[in-house]
Amino acid sequence: MSSCIFLMLFLIQVDAQIRYSIPEEMRKGSLIGNVAQDLGLDIKRLRSGRARIVTGENVQYAELKTDKGTLVVNERIDREQLCGDVTPCSFTFEILLENPMELHPVTIEVLDVNDNAPTFQSKRLDFEISELATLGSRFDLEAARDADVGENSLRKYILTPSENFVFKQHLDKDGSNYIQMVLQKALDREKQSHLNLKLVAVDGGSPQRSGTVNINVVVLDANDNAPVFNQSIYKASVTENSPKGTHVVTVNASDLDSGPNGQVTYSFSKSNAPMSDFFEINEFTGSISVANDIDFEKDKKIEFRVEAKDQGGQTDTSKVEIDIIDENDNVPVINVMSFTTPVSEDAPVGTTIGIINVKDLDSDENGQVRCTVVGTAVEIKFNVRNYYALVSNAPFDRETLSEFNITVIASDSGKPPLSANKTFNIKISDVNDSPPMFTHVVYSAAITENNSPGFSVLSVVAKDPDENQNAHVSYILEECDIGGSPVSGYISVNSENGVISAARSFDYEQTKEFVCVIKAQDGGSPPLSSNVTVKILVQDQNDNAPQVLYPVQTGGSLVAEMVPRSADVGYLVTKVVAVDVDSGQNAWLSYKLQKAADRALFEVGLQNGEIRTIRQVTDKDAVKQRLTVIVEDNGQPSRSATVIVNVAVADSFPEVLSEFTDFTHDKEYNDNLTFYLVLALAVVSFLFITCVVVIISVKIYRWRQSRILYHSNLPVIPYYPPRYSDTLGTATLPHVYNYDTCRTTDSRKSDIKYMQPMSQSLLDVGGAETDAQQLEKQFAGSNMSTLGTLPR
């Protein structure tokens with residue numbers, strides 16, 4: 001197989017054009033040529049550029065082997081079917097590569113093989129020739145057709161026998177030829193009324209092929225003048241798609257004979273292919289008109305010969321040339337070579353989305369096509385020949401527009417113009433370019449203290465405009481410390497729905513509020529995130545009772561306030577001080593007396609807790625006054641605390657000591673008696689004997705304790721309550737006195753020792769020291785209990 005290669009430049013995108021020559025009828029898979037080598041392309045470039053053959057609407061006779069870079073026969077190639085009489089015969093296609101786009105035209109010339117014998121369309125040719133036909137009379141013969149070309153085409157004719165006729169072949173000025181049978185010897189009907197001849201057509205192939213047609217000649221009697229056309233060539237034109245019956249041209253021939261021998265009839269010459277497929281001729285008038293549709297794209301010019309024959313059988317022929325005028329009857333055809341969808345939203349401007357090929361079979365202006373695009377973000381660019389590229393001219397944003405349609409409109413320049421359109425649906429694929437965004441800048445929520453762990457506080461919501469995994473939002477609690485403890489010990493967040501739950505029971509008194517940060521992160525790669533601040537307020541509950549700071553309640557010492565009998569109305573006895581660690585109305589405290597020895601003597605301030613006299617003190621008022629003050633908060637339900645305030649109504653200190661000593665002794669005695677009575681009532685029915693034993697044991701125990709104290713010299717250290725007078729200064733005694741007391745069952749052995757004041761910061765009141773010295777002398781050796789510290 002011989003091949004030839006030539007290179008040519010074609011615009012910027014066309015690198016080279018190659019040409020191969022191959023014989024027709026090659027077997028499928030036969031090698032045509034090495035495209036990669038001839039174009040100077042690498043095999044990898046063929047693969048990466050998705051190299052392929054673009055043939056448009058034609059049959060793909062060749063196949064590209066990208067793994068070897070070769071062209072092979074894909075379909076049987078019949079040169080006669082492909083090109084007919086056209087020589088040289090070739091077909092062209094393009095090899096298209098992408099990224100970047102390259103277009104390499106390839107032309108394959110198909111060489112003829114002598115695979116067709118000359119053939120005649122008719123099986124027999126009939127002639128009626130007058131015996132008076134003059135020597136040299138010419139009779140057109142049907143030409144044989146040989147589909148082969150070149151050396152393999154028709155070369156000569158042989159007419160046998162050739163006694164009366166000789167074969168002549170003529171060549172027109174336009175290069176076409178026709179054959180005739182010429183009378184060289186006069187006919188004699190009386191000797192021979194019929195002649196049987198054979199016309200053999202032989203080609204020039206090796207081996208030669210031939211075709212034969214029989215010629216039957218009927219010899220007619222006397223007609224010595226033949227018809228003669230008034231023009232040797234008739235020229236006309238007709239528009240394609242003209243309706244049936246449209247007149248094209250009229251031929252005319254005259255015959256000098258008269259009568260029947262001078263009557264001329266017209267017909268298409270037997271030397272032509274059947275013209276009845278296109279035209280029809282009136283046999284009497286010679287008018288030629290359109291018989292069927294005529295297509296300019298198939299035949300741009302039609303030539304044929306017309307024969308005029310008289311009744312005597314004599315004939316003459318003339319040539320008719322008809323030019324076909326093109327009409328704009330073909331709509332442009334849009335072929336999609338490649339189309340890419342979806343397109344990534346981060347594709348740069350200028351990205352090639354598709355390649356199309358647009359063809360119009362019409363000619364001149366009717367075949368000139370222009371393309372436009374209806375739509376946004378995409379434009380069309382002319383590349384090479386009839387190829388166009390669809391490229392982006394604006395950035396894509398899937399969150400704004402996830403898919404859209406564009407329409408390519410191809411219009412020709414005919415009048416009126418014809419157009420075709422094709423719609424492309426372009427989908428935009430997502431890129432993780434949008435972080436999740438919270439619906440609020442700051443989230444705030446309140447939760448009441450003493451909540452149950454797991455209680456849902458609030459939900460945070462973040463939205464991501466991306467799609468699929470890029471839009472899957474997870475919620476994460478950012479690590480931080482709250483009061484030295486990790487925030488995860490306080491709250492937790494559901495990673496899927498953003499619900500924030502309490503991880504513990506909150507105590508308002510410990511934590512009133514705290515701030516944390518929640519991060520919303522999508523599932524993209526790499527992931528994107530955003531943060532939001534969450535502020536949680538702990539609301540107070542009335543879960544703490546008031547706490548009394550003063551007076552201090554002790555178990556071992558007796559605290560009392562002293563009110564002189566000369567006190568005026570409104571005299572400030574003392575002040576009950578209490579606090580509540582709750583907040584708001586839960587910490588609003590109110591004071592009231594629950595129980596008092598004489599309700600008409602004292603009252604307590606509802607808001608400030610100050611105990612004052614409400615009347616003048618009289619001699620009838622008891623020295624010992626026991627006040628029970630209830631401190632209540634304002635919560636719902638409210639909580640309270642009780643404090644006992646002992647008040648001594650006396651003018652002298654010894655009087656106070658004597659009263660409170662008896663009071664203490666009686667209290668201890670009554671407490672023991674109450675204990676025994678309650679115990680006896682509870683078990684008297686079942687444990688009578690046990691009770692007797694217990695009572696005896698207790699008596700023995702007390703006797704032994706008293707004996708121990710009688711023989712012991714250990715001092716008794718009393719409890720000293722806080723010096724409330726240092727801060728408020730509202731009590732009756734100006735100093736704090738300390739006493740060491742030793743007690744026995746024998747009053748003669750009891751002792752009280754006066755000690756120096758503990759602080760000199762108290763206000764001195766005249767006569768207080770003298771009273772203390774007198775008290776020490778008066779009660780020395782007497783049996784008494786400790787009064788303790790009496791602050792003001």
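Colleague: Are Tyr157 and Phe167 buried or exposed?

Modeller: This is a predicted model. In it, Tyr157 is buried, and Phe167 is buried as well. The term requires a relative accessible area under 20%.

Colleague: What makes Tyr157 and Phe167 an aromatic pair, and how is the pair classed?

Modeller: A pair of aromatic rings is described by the distance of the centres and the angle of the planes. For Tyr157 and Phe167 the centres are 5.0 Å apart, and the limit is 6.5 Å. The angle between their planes is 40 degrees; stacked applies under 30 degrees and edge-to-face over 60, so the pair is tilted.

Colleague: Which parts does the pair of Tyr157 and Phe167 tie together?

Modeller: Tyr157 belongs to strand 11 (residues 154–160) and Phe167 to strand 12 (residues 165–171), so the pair ties together parts 10 residues apart in sequence.

Colleague: Why is the pair of Phe229 and Tyr266 called tilted?

Modeller: The planes of Phe229 and Tyr266 make 50 degrees, with 6.2 Å centre to centre. Phe229 lies in strand 16 (residues 228–229) and Tyr266 in strand 20 (residues 264–268), so parts 37 residues apart in sequence are tied together. Both residues of this pair, Phe229 and Tyr266, are buried.

Colleague: How many aromatic pairs does the structure hold?

Modeller: The structure holds 18 aromatic pairs. Tyr61, Phe91 and Phe93 form one aromatic cluster.

Colleague: Why does Thr613 count as buried?

Modeller: Its relative accessibility is 2%, and the cut-off is under 20%; Thr613 therefore counts as buried. Thr613 is located in strand 50 (residues 610–613).

Colleague: What lies 2.7 Å from a polar atom of the Thr613 side chain, and what lies 3.0 Å from one?

Modeller: The backbone oxygen of Asp568 is at 2.7 Å, and the backbone nitrogen of Tyr571 is at 3.0 Å. The limit for a polar contact is 3.5 Å, and each of these distances is within it.

Colleague: How do you know that Arg305 lies over the face of Tyr178?

Modeller: Arg305 is 4.6 Å from the ring centre of Tyr178, and the limit is 6 Å, with a further requirement of 35 degrees from the ring normal. Lys300 likewise lies over the face of Phe296, at 5.0 Å from the ring centre.

Conventions: Residues are numbered from 1 along each chain as its sequence is written. This is a predicted model: local features need pLDDT of at least 70, side-chain atom pairs count only at pLDDT 80 or more; totals for chains, interfaces and linings use all residues. Side-chain values use heavy atoms; hydrogens and water are left out. Helices (H or I, at least four residues) and strands (E, at least two) are DSSP runs, numbered from the N terminus. Buried means under 20% relative accessible area, exposed over 50%, partly exposed in between (1.4 Å probe, protein chains only). A polar contact is a pair of N or O atoms within 3.5 Å; within protein, one must be able to donate a hydrogen and the other to accept it, and residues adjacent in sequence count only if both atoms are side-chain atoms. Rings of Phe, Tyr and Trp (its six-membered ring) pair if their centres lie within 6.5 Å; planes under 30 degrees apart count as stacked, over 60 as edge-to-face and the rest as tilted.
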